Amino acid sequence: MKIAESDLIINPDGTIYHLNILPEDVAETVITVGDPDRVSEVSKYFDRIELKKGKREFITHTGFVGSKRVTVLSTGIGTDNIDIVFNELDALVNIDFKTREVKKELTSLNIVRVGTSGAVQPDIPMGTILASSYGLGMDALMNYYVQELSGDEHSLLDDVQAHFGHLKHINPYLTAASETLLNSIGKEMEQGITITAPGFYAPQGRQVRAKNAVPNFIGLINSFRSGNLRVTNLEMETAGIYALAKVLGHKALSVNAILASRVKFEFSRNPNDIVEKAIKMVLERI
Ligand SMILES: O=P(O)(O)O[C@H]1O[C@H](CO)[C@@H](O)[C@H]1O
Ligand SMILES: O=c1cc[nH]c(=O)[nH]1
């Protein structure tokens, strides 16, 4: 079936609408980062850079780490951007742009996010590099997609609903990391459930001047348990990445540079050093 011109937008030069890149520009290993300036912080370690392109907050560099072709791409902030990046990345590899039809043979990308995040448990200090074993979304993205859950995801989501169910404005969704990537790139890293929030301030329990509707949100988050699983950290993209990657048949892992301890009320004075450590760890294991 031909995908409509209104639904899959290809620019006159053959690039996809927002990412502004061609199908051949995407490697099968993709690193996503939130901050467009972080793209060059990753690609500076490439042995060779093949291309640099971009539009809006979506900057792409593709090159080689040893003999492995890698794309690093910025998503900007939030799961509304993840919707754009993941649908367009998938279209680039799985839709024939000439016929506008889904290819017979699908490509499954390996996608690793290198992001920044705040810890919600007192034993996870700033400077920790943490792999998200699950992404738990408190945003609305997956209300618009059909998602099938595994048995493990179902029972964990049941526990989440029992704990957070009194917050009537939230319809949480949950997806596991790619087991393969968690056991390779995430090996020996701190691991736990990452909550993805639809904002940085009150949606992550921060109190500045506007009054928060949910009292002691961090306490509610860090007291959640399901067997030996707990919520370790908060950020703004991982759950959308995990959910859309799985729906579209890709493997995803989120690696978090912990810049804040939300229970100790601390924020790192050297955030770039922590991000650098996360980038190096991922590139060594990719
Ligand atoms: O550093 P990045 O990857 O952008 O990730 C985190 O930082 C941003 C907020 O400051 C949000 O995007 C959050 O998820
Ligand atoms: O606390 C934090 C730190 C970085 N990014 C977030 O979204 N939250």
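Modeller: Start with a hairpin: β2 and β3 form it, with two residues between them. R56 sits in that turn and has a positive phi of about 50°. Keep in mind that this is a predicted model.

Colleague: How many bridges join β2 to β3, and do the strands run parallel or antiparallel?

Modeller: Seven bridges, and the strands run antiparallel. β2 covers residues 48-55 and β3 covers residues 58-65. For a landmark, K52 stands opposite H61 in β3.

Colleague: What about T62, buried or exposed?

Modeller: T62 is found in strand β3. T62 is buried, because 23 other C-beta atoms lie within 10 Å, and 20 or more is the cut-off for that.

Colleague: Which residues does T62 touch, leaving out those up to four places away in sequence?

Modeller: D25, A27, E50, L51, R69 and T71.

Colleague: And how far is T62 from M189?

Modeller: The C-alpha atoms of T62 and M189 are 26 Å apart in space. In sequence the two are 127 residues apart.

Colleague: New topic. Which strands pair with β1?

Modeller: β4 is one of them, running parallel to β1 with five bridges between them. V33 has S74 in β4 as its bridge partner. β1 also pairs with β7 in the parallel sense, over four bridges.

Colleague: Is β1 mostly covered or open?

Modeller: Mostly covered. Four of the five residues in β1 are buried.

Colleague: I31 again, then. Which residues touch the most other members of the largest nonpolar core?

Modeller: I31 is one of them, along with V112, V114, L253, V255 and V282. That core has 72 residues. β13 gives the most to this core, with seven residues. The core also draws at least three residues from each of domain 1 and domain 2.

Colleague: Which residues does V255 touch, setting aside those up to four places away in sequence?

Modeller: V112, R113, V114, I129, A131, I185, G186, A278 and V282.

Colleague: You mentioned domains. Where are their bounds?

Modeller: Domain 1 is 1-107 and domain 2 is 114-286, according to the domain assignment. Their C-alpha centres lie 24 Å apart. The contact between them takes 20 residues from domain 1 and 20 residues from domain 2.

Colleague: Which elements supply the domain 1 side of that contact?

Modeller: β1 (29-33), α1 (38-43), β4 (68-74) and α2 (79-94) each supply at least two residues. α2 gives the most, with five residues. By class, that side divides into 10 nonpolar, five polar and five charged residues.

Colleague: Now the ligands. Which residues are around ligand 1?

Modeller: V33, G34, D35, I77, G115, T116, F200, E235, M236 and E237. Four are nonpolar, three polar and three charged. The shell draws at least three residues from each of domain 1 and domain 2.

Colleague: And which surround ligand 2?

Modeller: T116, S117, G118, F200, Q204, L234, E235, M236, L259 and A260. That shell has five nonpolar, four polar and one charged residues.

Colleague: Which strand gives ligand 2 the largest share of its shell?

Modeller: β7, with three residues. β7 (110-119), β12 (229-235) and β13 (251-261) each supply at least two residues of that shell.

Colleague: Why does N216 count as exposed?

Modeller: Because N216 has 11 C-beta neighbours inside 10 Å, and 12 or fewer counts as exposed.

Colleague: And what about phi of F265?

Modeller: About 55°, positive although F265 is not a glycine. F265 lies in the loop between β13 and β14 (266-267). F265 counts as exposed, because it has 7 C-beta neighbours inside 10 Å.

How values were computed:
Residues numbered from 1 in each chain as written. Chains lettered and ligands numbered in written order. Predicted model: local features only at pLDDT ≥ 70, side-chain atom pairs only at ≥ 80, totals over all residues. Near = placed C-beta within 6 Å. Nonpolar A, V, L, I, M, F, W, Y, C, P; charged D, E, K, R; others polar. Domains from an automatic or database assignment. Contact = placed C-beta atoms within 7 Å. Pairing = 2+ DSSP bridges. Core = buried A, V, L, I, M, F, W, Y, C linked by C-beta atoms within 7 Å.
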